[in-house]
Amino acid sequence: VCARAALGPRALLAAAWGVLLLTAPAGAQRGRKKVVHVLEGESGSVVVQTAPGQVVSHRGGTIVLPCRYHYEAAAHGHDGVRLKWTKVVDPLAFTDVFVALGPQHRAFGSYRGRAELQGDGPGDASLVLRNVTLQDYGRYECEVTNELEDDAGMVKLDLEGVVFPYHPRGGRYKLTFAEAQRACAEQDGILASAEQLHAAWRDGLDWCNAGWLRDGSVQYPVSQPREPCGGLGGAGSAGTGGGANGGVRNYGYRHNAEERYDAFCFTSNLPGRVFFLKPLRPVPFAGAARACAARGAAVAKVGQLFAAWKLQLLDRCTAGWLADGSARYPIVNPRARCGGRRPGVRSLGFPDATRRLFGVYCYRAPGAPDPAPGGWGWGWAGGGGWAGGARDPAAWTPLRV
């Protein structure tokens with residue numbers, strides 16, 4: 001219990017908060033311990049209320065993280081109240097997001113220019129977050145402080161999207177935790193959370209190879225139980241499920257610098273468009289980049305193809321090159337000749353990059369013009385197609401594809 005005699009002038013506290021507002025670090029604060037001060041009789045204590053459950057957005061969207069506060073007695077006004085939002089990185093790490101004290105507002109790090117208070121009347125501490133990114137996923141703390149009274153609440157921001165398993169050309173079980181993080185980022189994703197993997201399992205994801213998750217654990221989802229994938233029973237599965245329904249098999253937290261597994265990545269709404277480019281004839285991997293560039297695009301990443309399949313319903317029963325050197329194709333409406341009876345992104349692995357086997361999946365960013373609209377592509381009228389060996393791409397002419 002703290003005595004009021006220890007408070008000192010309110011103006012001194014307000015000035016100290018103002019200094020903190022202008023100088024608070026943008027990085028993670030490790031080992032921070034939250035101190036809650038309680039006044040005798042709880043007269044005028046501040047109470048924070050946040051949304052139960054979670055709020056859901058998508059990459060590129062705008063979301064409100066709801067937070068309101070009030071006093072149990074009417075003796076206090078809203079002047080001199082300090083509002084602070086932080087993101088929970090792990091149980092002992094917090095990243096500053098936004099701080100406000102009266103008219104002084106400041107956003108930190110990647111939240112600059114994207115975060116602001118909603119300001120919907122007295123007691124509203126809700127945060128508006130624009131142009132949501134994959135990295136914004138997670139838990140946020142809303143803290144309200146007045147003199148020595150404070151309270152805090154949690155808001156969880158979830159994203160609509162898709163989980164996809166990934167391993168590089170080198171083969172399975174080749175990635176440390178840090179390498180898995182980089183691999184997901186290179187393929188337009190982030191490491192999936194355990195909650196995201198469990199939701200994907202409920203949607204039917206079945207993958208018999210263990211992969212890293214963002215909390216440092218290693219798990220894998222099994223929708224169709226079988227002996228090579230953890231057995232036919234429910235032992236070792238996490239959450240609901242088990243038995244005939246399989247489950248999410250969990251290896252627990254592993255040594256992130258020494259042990260190697262695959263990765264489970266997560267990606268969300270695609271701001272641009274993925275399209276399949278069928279050249280005059282199949283191209284080797286080196287020709288795929290030139291083919292996409294001729295259409296104002298780049299070779300699509302694995303995460304971009306998964307997002308286009310899941311969220312834009314891209315359905316194409318033709319394999320094409322992707323940016324990591326793999327060949328895949330997306331199936332929304334399963335048919336026997338297209339790889340089985342379940343929807344998904346089919347993979348042909350990592351073929352020899354010099355073989356002319358495939359077309360290519362391209363990604364065009366929002367606003368990028370298509371220099372060859374409709375069914376037109378680029379090549380050489382005299383033959384040679386898209387591969388472009390010794391021929392100069394500057395000499396390409398429009399050709400019907």
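Of the 401 residues in the protein chain, 48% are buried. The model described here is predicted. Its accessible surface comes to about 18800 Å², and carbon and sulfur atoms account for 54% of that area. The chain contains five helices and 27 strands. Among the contacts in the protein chain with a separation of 6 or more, 64% are between residues 24 or more positions apart.

The interior may be considered next. In soluble globular proteins, nonpolar side chains tend to be buried together. In this model, the largest nonpolar core has 92 residues. The members that touch the most other members are Leu65, Tyr69, Trp85, Phe98, Val274, Val360 and Tyr361. Helix 5, which spans residues 302-311, contributes the largest share of this core, namely six residues.

Strand 7 pairs with strand 6 (residues 82-90) in the antiparallel sense, over eight bridges. A hairpin of two residues joins strand 6 to strand 7, and aspartate 90 has alanine 93 in strand 7 as its bridge partner.

Strand 7 also pairs with strand 8 (residues 104-107), again in the antiparallel sense, through four bridges. One of the pairs to locate here is valine 99 with its bridge partner in strand 8, arginine 106. The hairpin of strand 7 and strand 8 has two residues between the strands, and glycine 102 in this hairpin takes a positive phi near 60°.

A separate arrangement is found in an open sheet of three strands, whose order is 4-10-9 and whose pairing is antiparallel. Its edge strands are strand 4 (63-65) and strand 9 (115-117), each of which pairs on one side only. From one strand to the next, the twist averages 30°. Strand 9 and strand 10 (residues 127-129) run antiparallel and are joined by three bridges. Glutamate 116 has valine 128 in strand 10 as its bridge partner.

Attention may now turn to a helix. In helix 3, which covers residues 194-202, the buried residues include Gln196, Leu197, His198, Ala200 and Trp201. Glycine 204 follows helix 3 and has a positive phi, near 110°.

Is arginine 364 buried or exposed? Residues count as buried when their relative accessible area is under 20%. Arginine 364 therefore counts as buried, because its relative accessibility is 8%.

The surroundings of arginine 364 can be described through its contacts. Apart from neighbours within four places in sequence, arginine 364 is in contact with Gly272, Arg273, Phe275, Arg295, Gly296, Ala297, Pro369 and Asp370. Among these residues, arginine 295 deserves a separate mention. A polar atom of the side chain of arginine 364 lies 2.8 Å from the backbone oxygen of arginine 295.

Definitions and conventions. Residues numbered from 1 in each chain as written. Predicted model: local features only at pLDDT ≥ 70, side-chain atom pairs only at ≥ 80, totals over all residues. Heavy atoms only, no water. Core = buried A, V, L, I, M, F, W, Y, C linked by side-chain atoms within 4.5 Å. Buried < 20%, exposed > 50% of the residue type's maximum accessible area, 1.4 Å probe, protein only. Contact = heavy atoms within 4.5 Å. Areas by Shrake-Rupley, 256 points an atom, 1.4 Å probe, with all protein chains shown as cover. Pairing = 2+ DSSP bridges. Axes fitted to C-alpha atoms, helices over the stretch in contact; angles between N-to-C directions. Polar contact = N/O pair within 3.5 Å; in protein donor to acceptor, adjacent residues only side chain to side chain.
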